[in-house]
Amino acid sequence: MDILNKHTFHIPVLGLGYTLDTPINVAPYGISSVISLVDDKLMEQMREFYCEKFDLPFKAISEKVEDFRAKRITSYLNMVDDIVSKKVTDLKKVAHDKSEELEKYFDMLPDLASIKEKFNLAEKSRQLKEEVGNWIQEHLPIGDIDVNIMTKLDKVNSKDGEELPIEYNDAHAAVRGFANSQLNSSLVLSAGMSPRLYSYLERFKDFFPDMNGDLKKKIILKVSDFRSALVQGKMLAAKGLWVSEYRIESGVNCGGHAFPTNGVLFGPILDEFRKNRDKLLETCKGVYESALAKKEIQAPTEVPNIKVTAQGGVGTNEEHNFLMEHYQMDGVGWGTPFMLVPEAISIDTKTLDLLKNAKEKDLYFSGLSPLGVPFNSVKWASMSEQRLANAENGIHGMPCTKQFLKYNTEFTEKPICTASKQYKNKKLTELSEQNLSAEAYQEAYDDITEKECLCVGLGISLLESKGIEVGPTDKVTVCPGPNLAYFSKEASLKEMVDHIYGRTNLLDKRHRPHMFTKELGMYLDIFKKRVESFLSTPDDAKEKKQLTAFQKNITEGVNYYFDLFKEKKKEVITEIEQLISQYPMLKKEL
């Protein structure tokens, strides 16, 4: 008896801290979410906090302990799993009764009517009540406690001045921490391909099928196009590693770092996955089975399944359903709107108020990230305010205390962070010696000084929300996507879930562009800036070639949208036409 329709959305990773404890809040209700594995120090603080809250034993894992990073991650994930399991056990204890928590679970599911009907009928029938109660005991779905690793954040670590072996690199240790945990969930790999990290996954048996053909640890690839999915899927399959889900992310993103394409729009990307899904499955399946045979591992008797999901910029039930039905997605990620749901994520009151009041003009594509990747941000976050105030007083950069984003070797043999005092002072000294015009100097100065310490900033709101003391210079970085502009009030978990499933509407009354239109506008802004920059150096043949491809991709994408929406959604075409009219350099071509 399967009386439940499971949730068709998940909550992606939001910064280092905002979703670090989200599974504790939502997994008992069958909602899946993703934890960032970047900051083991933050995880250790949260482990201490929750062990005290739930009266669990706690023993600190010092940095002096061998392999402390992996051990901290394993301990934190095991604790989260234990807490979720306890909450679910408590929920099941009242399975034969109408408890408030069980009703909340049912009320948030997609197909509300049939669940309530079964549950209400069970009140009148002892046999059905027992049947429903027994089913709940054995089959009640729990949300996945998935984890995220940015593959490029694989800093080399040292001890007593000596570099440690590669398995102690940040990303490698994070993989080990997850692989050694008791979790039965997925590893989300993002931020590009890393062959050496993929090879490291082969060391852990949980990524391979067991005697029943099941995977205790699954792999999810976050991708931006079909070609990348096919290449990486085959690469992992050749190692006997199956990608269970391809998570396609729009250029608008769910917040945080954005990885825009060269003008290829989200709709055409989704369409390519829809048309070639069987090709992806069959190509990887043959390679996978051959690799397992070489490793003398029994291949699953049934064809391995793959899920394809989408995320980034989704804001309405109509868009959610369109992705599910037209593009045949298996699920949809909702990120930024959950920044206004403190019941689900961890956020301090001041930052929550800032986000509630943020409008379109306040949300922007920034250069805050030390990685040099575009970063979604909002004006007046406390870290940015402090950075600007310090700059006015001639103080640039911050002490590099956590060191997760060290990668630049422009001035040093060992990598340093571009948001650090060390880097900014060297870079500004170099700038002062270049004898640039006032305009060129200011542009370069702004680019150098804009970088912020994300390692600290993205975790402070979590600590403040828990009443944990932070230092006087520890300020908040927050990274919502532009979709936040159309949500302006705090919501409960149930209210946001009801919004996702179309049972209520949390949007402002102001006009909200379609998610595809919003992404197109972002790409037009990027194209305009790149063209303006190119005109100052018109001899750059490589950039000219890329801009030509960019324009071609946008043209093809817009034509695709015109064809897609010409019958059922003509207002989207009107939005696109109005948007294009603001960019004369493209209007004629488009």
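**Figure 1. Packing of helices α19 and α20 in the predicted model.** The axes of α19 and α20 cross at roughly 155° and come within 8 Å of each other. Angles over 145 degrees count as roughly antiparallel, and α19 and α20 are therefore roughly antiparallel. Their crossing is left-handed. On the α19 side the contact is made by Val558, Tyr561, Phe562 and Phe565, and on the α20 side by Lys570, Val572, Ile573, Ile576, Glu577 and Ile580. Sorted by class, the residues of the contact of α19 with α20 are eight nonpolar and two charged, with no polar residue.

**Figure 2. Packing of helices α18 and α20.** Helix α18 spans residues 515-536 and helix α20 spans residues 570-580. The two pack at an angle of about 15°, and their axes are 10 Å apart. This angle makes α18 roughly parallel to α20, because angles under 35 degrees are counted that way. The crossing of α18 and α20 is right-handed. From α18, Thr517, Leu520, Gly521 and Leu524 meet Val572, Glu575, Ile576 and Leu579 of α20. The contact of α18 with α20 comprises five nonpolar residues, two polar residues and one charged residue. Val572 and Ile576 of α20 take part in this contact and also in the contact with α19.

**Figure 3. Packing of helices α10 and α19.** Helix α10 (residues 266-294) packs on helix α19 (residues 541-565) at an angle of about 75°, and the axes are 8 Å apart. Helix α10 is thus roughly perpendicular to α19, a class that takes in angles of 65 to 115 degrees. Phe266, Gly267, Pro268 and Asp271 of α10 make the contact with Gly557, Tyr560 and Tyr561 of α19. Four of the contact residues of α10 with α19 are nonpolar, two are polar and one is charged. Tyr561 is a contact residue of α19 here and also in the packing of α19 with α20.

**Figure 4. The largest nonpolar core and the surroundings of Leu493.** The largest nonpolar core holds 161 residues, of which Leu37, Phe273, Phe338 and Leu493 touch the most other members. Helix α18 gives the most to this core, with ten residues. Leaving aside residues up to four places away in sequence, leucine 493 touches Asn25, Val26, Tyr29, Ile31, Met108, Phe338, Val341, Glu343 and Ala344. A second, separate core has five residues, among them Leu428, Leu431, Tyr445 and Ile448.

**Figure 5. Glutamate 343 in its loop.** Glutamate 343 sits in the loop between β10 (331-333) and α12 (349-357). Its relative accessible area is 31%, so glutamate 343 is partly exposed. Beyond residues up to four places away in sequence, glutamate 343 touches Asn25, Lys104, Ser492 and Leu493. Asn25 is also a contact of leucine 493. Between glutamate 343 and lysine 294, which are 49 residues apart in sequence, the C-alpha to C-alpha separation is 48 Å.

Figure 6. Most residues other than glycine have a negative phi. Alanine 191 belongs to the loop between β6 (186-190) and α8 (195-201). With 15% relative accessibility, alanine 191 counts as buried. Tryptophan 380 has a relative accessible area of 51% and is exposed.

Figure 7. Apart from residues up to four places away in sequence, asparagine 78 touches Ser181 and Gln182. Glutamate 532 is 94 residues from alanine 438 along the chain, and the C-alpha atoms of the two are separated by 18 Å.

Technical notes: Residues are numbered from 1 along each chain as its sequence is written. This is a predicted model: local features need pLDDT of at least 70, side-chain atom pairs count only at pLDDT 80 or more; totals for chains, interfaces and linings use all residues. Side-chain values use heavy atoms; hydrogens and water are left out. Contact means heavy atoms within 4.5 Å. Axes are lines fitted to C-alpha atoms, for helices over the stretch in contact, and angles run from 0 to 180 degrees between N-to-C directions. Helices (H or I, at least four residues) and strands (E, at least two) are DSSP runs, numbered from the N terminus. Ala, Val, Leu, Ile, Met, Phe, Trp, Tyr, Cys and Pro count as nonpolar, Asp, Glu, Lys and Arg as charged, and the others, Gly among them, as polar. A crossing is left-handed if the near helix is turned anticlockwise from the far one by less than a right angle, and right-handed if clockwise. A nonpolar core is a set of buried Ala, Val, Leu, Ile, Met, Phe, Trp, Tyr and Cys residues joined through side-chain atoms within 4.5 Å. Buried means under 20% relative accessible area, exposed over 50%, partly exposed in between (1.4 Å probe, protein chains only).
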